[in-house]
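Please find below a colleague's note on the model under discussion. It is written for a reader who is meeting this structure for the first time.

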Amino acid sequence: MALNPMDIYKLLPKTNCKKCGEATCMSFAFKLLNRERRLEECIPLYEDKKYERQRKKLEEMLKPLEEATETGLIVDESLCTGCGNCVVVCPVHVEKDPKGAAVGKGITIDDPILRVEDGAVKVINMQACRRYGKNRVLCVVCRENCPTDAIRFLEG
Amino acid sequence: MKMSFVCPGCSCLCDDIEIVDGKILHACRRGEEIFGKYKENRAKPMVKGKEVDVDSAIEEATEALKDSENIAIYGMDTTTVEAQQHGIELAEKLNAYIDDNSSFCLGEFVEAILRKELPTTTLEDVRDRAYVMVYWGANPFHSLSRHMSRYSYYPRGAKRPRGYEEDRFLVVVDVRRSETSKLAKKNAMFIQVSDDDELVDSFFKVVDGKAAKYAKEAGIILNGMKKSDLNVIFGGLGLKYGLKDLGKFVEMVKKLNEVAPVYFIPAGFHGNMRGFNETLFEKVGYVNKYSFRDGKSGGEFAFTELLKNEKIDTALIVGTDPVYSLPFEVSSKLGKIKTIVVDPRMSFTARIADVVIPSAVSGVEAGGTMVRSDGVRVKLEPLEEREVNDVYILNKIKEGL
Amino acid sequence: MMRFSKFLKVEADIVVARYALVMDETKSKTEPVIFLHPEFAKRSGVKESDVVEVEANGRVVKLKVKLSESAPESGGIIPNGIYASYLTNFDGFKKFKASIEVSEGEPTSVDGIIGQLKT
């Protein structure tokens with residue numbers, strides 16, 4: 001399920017042509033995964049017919065990126081029972097909502113990262129997530145406490 | 001001011017449900033179905049397969065009860081304490097048997113608690129103080145979805161401010177690798193048993209410093225328990241059916257209390273099953289399977305036994321669905337007796353009933369009191385009021401006798 | 001009709017448990033499903049979305065297979081509901097042994113079971 005830059009790199013032209021503005025194809029692969037670059041920026045991949053098969057594979061591979069939120073979080077509502085573990089364990093929620101989510105109650109702040117709505121967890125405000133922005137950290141607490149993988153991250 | 005509702009979906013009775021712009025907030029999937037789909041599959045008043053008006057259905061039920069010799073009233077685990085009181089009075093007036101799902105669910109644990117044989121505590125105290133929490137034969141992820149996030153492992157409590165990884169110790173006991181067992185990671189333990197009695201036995205032996213099958217696990221748990229002034233065992237249906245003898249489990253909890261404070265809270269059941277147990281206990285001193293004719297409770301008075309042994313000719317079934325939940329050898333007997341179903345839904349049992357009386361969804365269309373799994377009483381305010389509710393129906397039958 | 005069975009009957013441990021993802025609080029339906037442990041299914045030659053005959057206590061229901069790692073390693077979970085109730089007795093109310101074999105056709109309908117209750 002998880003994507004890693006090596007798998008992406010293997011399907012790129014590996015010529016380090018720099019047409020995309022990156023020094024190496026590997027660096028381009030990393031930035032694709034972080035969604036700082038788009039696949040279309042690899043010009044040879046689209047212009048040279050010999051890369052067609054690889055391009056199609058890559059497009060398929062990178063599809064989940066479009067569905068994922070800016071931090072790489074993916075929610076599959078069909079696996080969610082609305083247990084609320086993710087909402088309550090989130091360190092940002094605990095800090096911002098000491099009388100609500102921190103003590104187990106339904107989250108009371110207006111712009112939480114996650115909230116259980118209509119029986120399943122929904123992403124409300126990804127910008128507040130610690131995985132977002134310049135000083136991001138690779139926090140996975142919500143995923144760790146979801147026993148059905150209703151919450152996943154792109155990198156696994 | 002935001003309006004909060006109590007969810008009657010299970011014995012957690014979560015009191016923080018909000019409905020904002022048509023969205024149901026904070027309720028789990030089951031709760032969402034209660035609030036979001038309460039208008040679906042509604043029962044219609046029926047007599048012998050023909051639709052009638054409500055009053056005629058109530059009248060028909062009253063007449064049927066007057067004509068019957070041996071009556072059982074069964075269910076009421078999803079209705080309010082107020083309706084349960086009417087149901088119990090009705091059973092008394094009819095000299096009937098009365099029972100609910102708890103007789104094959106967790107009723108005997110509740111009885112042990114009410115008789116003060118099992119020490120118990122509240123979920124608020126669990127949240128604020130508990131260190132070791134044992135889920136034994138329970139998979140709250142599916143059965144009581146918010147139990148762990150709302151009340152036990154995940155919330156930060158007054159004396160447990162550092163969160164689950166440091167301030168709690170989770171133990172999951174099950175015969176399989178349940179979803180809940182997958183949450184037992186750091187500062188936690190999963191014990192996969194094949195025979196629950198062996199673990200009971202191990203706790204006994206470890207307190208006395210003897211060797212046992214699960215000595216290592218029991219030893220670690222016991223040491224954890226010694227660190228806290230409150231530890232809790234949540235017992236579910238897996239525990240109930242895994243134990244050969246409840247008495248031995250009760251003794252085990254007592255034994256553990258010689259070395260550390262350990263409390264028990266049942267983990268399972270419908271919104272107000274404990275309410276039924278407590279309401280009947282207050283009235284007659286027993287929690288279920290009671291015969292007003294004999295003035296006592298006994299295994300032979302369990303609804304399932306009465307049915308199996310063909311001891312009843314009429315059953316008044318309130319807010320429960322035995323065709324859905326009872327073994328076929330028992331439910332198949334329902335076809336042979338007169339059945340009166342009081343339910344908001346066209347349940348499986350309603351589909352084979354002689355009389356169907358449509359009622360209100362308690363907690364959504366009717367207010368009242370319910371009792372949480374830990375015995376705390378919770379007041380429910382309805383979203384909208386429906387006149388013909390369980391209290392109305394049971395009272396009208398009672399007056400009509 | 002002669003029935004040629006390509007598959008072996010296998011013994012399975014069945015756990016009956018609540019399964020929130022397939023529950024119906026409106027009491028209108030039950031999903032005819034059994035969650036088998038992936039390892040058990042593999043050993044037994046059963047695949048996801050096969051229909052299997054599950055036999056216990058002399059009664060048989062046909063259920064659709066889904067795979068779940070939370071099922072017991074030696075069998076599966078049947079969610080609380082009319083199908084589980086049809087197979088169980090009180091001496092094995094939450095855990096019993098059943099035999100499982102791959103079958104053809106549609107899962108058992110709820111009406112098929114309720115029909116047997118009416119006399």
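The numbered points below take up the chains, their domains, sheets and helices, and one interface.

1. The structure is a predicted model.

2. Chain A, overall. Chain A contains 7 helices and 4 strands. Their order along the sequence is α-α-α-α-β-α-α-β-β-α-β. The C-alpha trace of chain A spans about 60 × 30 × 20 Å along its principal axes.

3. Chain B, domains. In chain B, domain 1 is made of two segments, 41-101 and 271-400, while domain 2 covers 107-266. The centres of domain 1 and domain 2 of chain B, again over C-alpha atoms, are separated by 33 Å. Domain 1 of chain B gives 11 residues to the contact and domain 2 of chain B gives 9 residues. On the side of domain 1 of chain B that touches domain 2 of chain B, the classes are 3 nonpolar, 4 polar and 4 charged residues.

4. Chain B, the open sheet. An open sheet of 9 strands in chain B has the order 4-3-16-15-14-5-6-12-13, with mixed pairing. Strand 4 (50-51) and strand 13 (296-297) of chain B are at the edges; each has a single partner strand, so one side of each has no neighbour in the sheet. Within chain B, strand 5 (residues 71-75) pairs with strand 14 (residues 314-318) in the parallel sense, over 5 bridges. The bridge partner of I73(B) in strand 14 of chain B is L316(B).

5. Chain B, a helix pair. How do helix 4 and helix 14 of chain B cross? Helix 4 (residues 107-114) and helix 14 (residues 273-284) of chain B have axes that come within 10 Å and cross at roughly 50°. Helix 4 and helix 14 of chain B are therefore oblique to each other, and helix 4 of chain B passes helix 14 of chain B in a right-handed crossing. Helix 4 of chain B makes the contact through G107(B), V110(B), E111(B) and L114(B), and helix 14 of chain B through R274(B), N277(B), E278(B) and F281(B). By class, this contact between helix 4 and helix 14 of chain B has 3 nonpolar, 2 polar and 3 charged residues.

6. Chain C, the barrel. Chain C has a closed barrel of 6 strands, running 1-5-2-4-3-6 with mixed pairing. On average, neighbouring strands of this sheet are turned by 45° against each other, direction ignored. In chain C, strand 2 (residues 33-36) and strand 5 (residues 75-79) run antiparallel and are joined by 2 bridges. Opposite F35(C) stands I77(C), in strand 5 of chain C.

7. The interface of chains B and C. Contacts link 40 residues of chain B with 30 residues of chain C. On the chain B side, the elements that give two or more residues are helix 1 (29-36), helix 6 (140-143), helix 12 (237-242), helix 16 (322-325) and helix 17 (328-331) of chain B. Helix 1 of chain B provides the largest share of that side, 4 residues. By class, the side of chain B that touches chain C has 13 nonpolar, 14 polar and 13 charged residues.

Definitions and conventions
Residues numbered from 1 in each chain as written. Chains lettered and ligands numbered in written order. Predicted model: local features only at pLDDT ≥ 70, side-chain atom pairs only at ≥ 80, totals over all residues. Contact = placed C-beta atoms within 7 Å. Nonpolar A, V, L, I, M, F, W, Y, C, P; charged D, E, K, R; others polar. Pairing = 2+ DSSP bridges. Axes fitted to C-alpha atoms, helices over the stretch in contact; angles between N-to-C directions. Parallel < 35°, antiparallel > 145°, perpendicular 65-115°, else oblique. Left-handed = near helix turned anticlockwise from the far one by under 90°. Domains from an automatic or database assignment.
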